[in-house]
Amino acid sequence: MRALVVTPTYQEADNIEEFLERARAAAPDADILLVDDSSPDGTGEIAERVVARLGGIEVLHRPTKNGLGEAYRAGFGVGLTREYDVLVQIDADLSHDPAVIPRLLQAIDHGADVAIGSRYVAGGSIPHWPWYRRFLSRYGNRYACFVLGLKVRDATSGFRAYRAKTLETIQFTTTRSKGYGFQIETAYRVQRAGGRPDECPIVFSDRVRGHSKMTWGIFAEELLLVTWWGVRDRLLRRPPRQTVGIASSSNTSS
């Protein structure tokens, strides 16, 4: 399978070189696309210097900061245009261990439509988090899973791999989330389309350099969108777009 690792960046100058070195070592056959929103700290410029040394890396420079969801839509669009088989998403702040990328790719190869790096399955953990971040993450996940009927444990995880055909099926370009709600929205669409999820345990390490992008405003966006989707699709009984499993029709490309 041809895989593209998509990594949005904004003000990650302290982490980007180490991240790219670790990602290249973990997945030497995958290509890497950084989507940088004109980071004022020079993240994009540092990445360009690393590109020449490591190879297989490209930087997509966007003119303004438009949110995580927009960055992923841009990166996934590049991947589908270039006909990659799998699109991987991962943060550049070193909270996600690039060494897990091969396991996510293996899950896709074994039939999953989306493979999620999960903190909330056996073997997963979130050491060193303060109580308020644990609260936001755990109860945000529980609320989303309850309201939307999601069958995954970690719907907000930003470390995952998608089968390219699955992203096309769920029409990811029409997703609305600007922030971390993008993770929930895509997982929800995969489930409603009949896709097969898989969850691989990860240890989510808190960043040691730089600042978290999570804010109460982002959390509020997730809450409002999840509530709206639940009302629209469950209470109003909006039918799913597809009821046949995606993986069953796309495994021949694996």
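At 39% relative accessibility, Ser 38 counts as partly exposed, and this serine has its place in the loop between S2 and H2.

**Loop residues with positive phi**

- Ser 38, although it is a residue other than glycine, has a positive phi, with a value near 50 degrees.
- Glu 83 likewise is not a glycine and has a positive phi, here of about 65 degrees, and its place is in the loop that lies between helix H3 (68–81) and S4.
- Is Glu 83 buried or exposed? With a relative accessible area of 62%, Glu 83 is exposed, because the cut-off for that class is over 50%, whereas the 39% of Ser 38 puts that residue among the partly exposed ones.

**The sheet and its strand order**

- Seven strands form an open sheet with mixed pairing, and their order across the sheet is S3-S2-S1-S4-S6-S5-S7.
- The edges are taken by strand S3 (57–61) and strand S7 (197–201), each of which has a single partner strand, so that one side of each is left without a neighbour in the sheet.
- On average, and with direction ignored, neighbouring strands of this sheet are turned by 20 degrees against each other.

**Pairing around S1 and S4**

- Strand S1 (residues 3–9) pairs with strand S2 (residues 31–36) in the parallel sense over six bridges, and within this pairing Leu 33 in S2 is the bridge partner of Val 6.
- S1 and S4 also run parallel, joined by four bridges, with Leu 4 standing opposite Leu 87 in S4.
- S4 and S6, by contrast, run antiparallel and are joined by four bridges, and here Val 88 stands opposite Ala 161 in S6.
- Which residues of S4 point one way, and which the other? Val 86 and Val 88 point one way from the strand, while Leu 87 and Gln 89 point the other way, and all of them are buried.

**Helices on the sheet and against each other**

- Helix H7 (residues 181–192) lies across strand S4 (86–89), strand S5 (114–118) and strand S6 (160–163), and runs at about 40 degrees to S6.
- Helix H1 (residues 16–26) and helix H2 (residues 43–54) pack with their axes 9 Å apart and at an angle of about 35 degrees, and their crossing is right-handed.
- On the H1 side of this contact are Ile 16, Glu 17, Leu 20, Glu 21 and Arg 24, which meet Thr 43, Ile 46, Ala 47, Val 50, Arg 53 and Leu 54 in H2.
- Sorted by class, the residues in the contact of H1 with H2 are six nonpolar, one polar and four charged.

**Confidence of the prediction**

- Over residues 248–254 the pLDDT stays under 50, and for this stretch the model has 11 contacts beyond four places in sequence.
- Where pLDDT is low, the predicted coordinates should not be read in detail.

Key: Residues numbered from 1 in each chain as written. Predicted model: local features only at pLDDT ≥ 70, side-chain atom pairs only at ≥ 80, totals over all residues. Heavy atoms only, no water. Axes fitted to C-alpha atoms, helices over the stretch in contact; angles between N-to-C directions. Helix = DSSP H or I, 4+ residues; strand = E, 2+ residues; numbered from the N terminus. Left-handed = near helix turned anticlockwise from the far one by under 90°. Contact = heavy atoms within 4.5 Å. Nonpolar A, V, L, I, M, F, W, Y, C, P; charged D, E, K, R; others polar. pLDDT = per-residue confidence, 0-100. Pairing = 2+ DSSP bridges. Buried < 20%, exposed > 50% of the residue type's maximum accessible area, 1.4 Å probe, protein only.
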